[in-house]
Amino acid sequence: MADGERDQMLVDFQACTQIDDLETCIAILEQNGWELVKSIQSVMPQTDCEMSSAGGEPPPYTFSNHTDQSAVSPEFPSEFLPTANSFSPLMDPGSASGPFPGPSSSYSSGRLLNFTVEYRGRNITVNVFDTETVGKIKEVLFTDLGIPVQKQDLRGWSSKKVDDKKILRDLQLPRENTLYLLTPDLNRPLTSSTVTPISDSSKEFENFMRDYTLHITFLENSRAKEYNLKVQGSKTVGEVKGDIYHLTNVPARHQVWMGWPEAAKKDDAITLGACGLQLPVHDLQLTKANIVGKPQYTVQDTSEIDISEDEDENNDSYAVEEDIFEHEESQNSRKQTPLMPETVGDQTEALEHFTREFRERYGETHPVFFVGSLESAIKESLLCRAKDRKLLAVYLHHDNSILSNVFCSQILCMETIVNYLCGNFITWAWDVTHETNNARFISIAKKEFGSIVAAQIRGQKPDQLPLLMIVSRSRASNEVLDMIPGTVTLDELMMRLMQNAENFHLQQQADIKEEEEREARENIRQEQELAFQESLATDRAKAEAKRQEVEMEQIRQMEEERMKKEEEDRKQAIQESALMHIREEPPETCKELVSRIRIRTPNGDNIQRRFYATDKLKYLIYYITSQGFHTEEFKILTTFPRRDVSQLDEEKTLEELKMFPQETLILEERH
């Protein structure tokens, strides 16, 4: 077995058995021949869940939320939570041992998958085998969060349509996965027609469906106001704090509470049904963070007000709080700087100021705003290559709207929303608080989105803001896909963002395919054009080479003709000169010794002439040359013995060379 496979098996073994000691895990695996199922069976207790006759396998899922396991859910008995030495599976609904849904008695092995589920700023880790269904993940989340399976909407799957019965293996998932849990129906009244309980005897489900009465005493300026709120167990602590903001005008970050159970103090995302409220009425006390000291109040019921028994310690804590509150009060007393002043210059300067002030108000965790003009943001997001495109989110802010602060602090700046916007959108913002900035944005919107959208924006009243516009591009024009008001909840905002992103992704895939086809056609056209240009260049090069060859041939011929003419002129001059040096032919009646010379030319002609026997050989050669046969081209040969007379001494006479009284000479071309 390869080292990589053993490492993976060791990781899976630890995930299933919860044994942290590596040496112990390796020893158990080696004892069982590195068989994962057999090794798990050797350490898993057989009493918690009856194994099948063929040999059981490890439970298909575990969960954790990065907190102490005993604090995962106050209602869950400790025996249902995994420990370091064993894993106690959740019991079957029909079992008397517990009300929680769990796997069947015969488990199926498979690849272990790790899921990180993000829910309202909280990460829950779920480990399941790929032989399980999507519904198993929801069942684990139910045990952790107390949210019924029917109310869970898991987003982030690679496939668009995934139901609870879908086998994880069929989704072809990687080992590490990230999902988003949305619960849009939690804010709606739950009825028996919309919810089917998993177990009628389930205490957790009953708490989730129950209506709670919260008796809230609000202490402000030495006065006490009392509120009785009737809320459903499906609401979270954070949502209750948001509702209180509308009653008291105290933002959640400035709310100081007394009376919440410990579970609610640690996590605002926990539901009221899961945090352990008192029945029938739960008393709470609320103060504002920037009040000085703690004046005494007279209220009807102060049982939930926690006053320290140690007077000195209490006084010391008041002194520290007084300093903090006075500091906060001095900060809050200063005039709030607008996100975008009226005197701002161009759009880039406006966005720089907006981003800086937004960070000062709401902290470092906020959407990354595009710094530049709206036109530049559109080019950056929608006018690039199809695979690089993103949706454009345009955020409109109005300081005079009571929703703006809540929306920004409790929804828009939530880490889940910020991460999703950064990954799938380019965000551009504008502050329309001042009339001049509002008119300026309407002018910009009319240019970029058209007069209809500009008219809709002009019709928005301050109490209808803030507004998040989702912009895409269709048929060479910018199109506003969605206008999300500031009244949405966190889940509703995430759902609408994901719906827009999914629809955009489908269109983007089509655009990518079309762009690739267009690029392929363009590449073919360019290749054809390049091949044509190369062929044309080759033809031109050939034509040029041929032209140069013809010119060179013409030059060569002209040079040859010139040289030939010069040679002919030279030969003609030699012939004329030779003819001038020849003695006249002796007459027939000459009494002197005469030698008769017959010359046979290469073409078969015979030339005869008489020479004086006393004439030197050079005169015979002069004669032959004058007839056009030059010694550098022809040999002058005797018949017998065969010799080249042109190589003999030219100063000797014909008689001395034994060419008297007659001789036949043959002219032969030299090679």
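Modeller: What follows is a conversation about how a few terms are applied to this structure.

Modeller: This is a predicted model, in which local features need pLDDT of at least 70 and side-chain atom pairs count only at pLDDT 80 or more, while totals for chains, interfaces and linings use all residues. Residues are numbered from 1 along each chain as its sequence is written, and side-chain values use heavy atoms, with hydrogens and water left out.

Biologist: Why is strand β10 called largely enclosed by the rest of the structure?

Modeller: A strand here is a DSSP run of E with at least two residues, a helix is a run of H or I with at least four, and both are numbered from the N terminus. Buried means under 20% relative accessible area, exposed means over 50%, and partly exposed lies in between, with a 1.4 Å probe and protein chains only. Seven of the seven residues of β10, which spans residues 391-397, are buried, and therefore the strand is largely enclosed. In a regular strand the side chains alternate between the two faces of the sheet.

Biologist: What makes W430 count as buried?

Modeller: W430, which lies in strand β11, has a relative accessibility of 0%, and so it counts as buried. Leaving aside residues up to four places away in sequence, W430 touches several residues, among them M340, F354, Y395 and F441, where contact means heavy atoms within 4.5 Å. The C-alpha atoms of W430 and Y395 are separated by 6.4 Å, although the two residues are 35 apart along the chain. The side chain of W430 also reaches the backbone oxygen of N437 at 3.0 Å.

Biologist: Why is the pair of E502 and R155 called a salt bridge?

Modeller: Side chains of opposite charge can pair when their charged atoms come close. The rule asks for a side-chain nitrogen of Lys or Arg within 4 Å of a carboxyl oxygen of Asp or Glu. In E502 and R155 the closest N and O atoms are 3.9 Å apart, so the pair meets the rule. E502 lies in helix α16 (residues 490-581) and R155 in strand β4 (residues 153-155), so the pair ties together parts that are 347 residues apart in sequence. E502 is partly exposed at 28% relative accessibility, whereas R155 is buried at 14%.

Biologist: What makes R642 and E668 another such pair?

Modeller: Their side chains meet at 3.1 Å, N to O, which is a salt bridge. R642 sits in the loop between β16 (634-638) and β17 (662-669), and E668 sits in strand β17, 26 residues apart. R642 counts as exposed because its relative accessible area is 56%, and E668 counts as partly exposed because its value is 31%. By the salt-bridge rule the count comes to 35.

Biologist: What makes a group of residues a nonpolar core?

Modeller: A nonpolar core is a set of buried Ala, Val, Leu, Ile, Met, Phe, Trp, Tyr and Cys residues joined through side-chain atoms within 4.5 Å. The largest has 60 residues, and F358, W428 and L497 have the most contacts inside it. Helix α16 gives the most to this core, with eight residues. A second, separate core of 21 residues includes V231, V250, W257 and A264.

Methods:
Polar contact = N/O pair within 3.5 Å; in protein donor to acceptor, adjacent residues only side chain to side chain.
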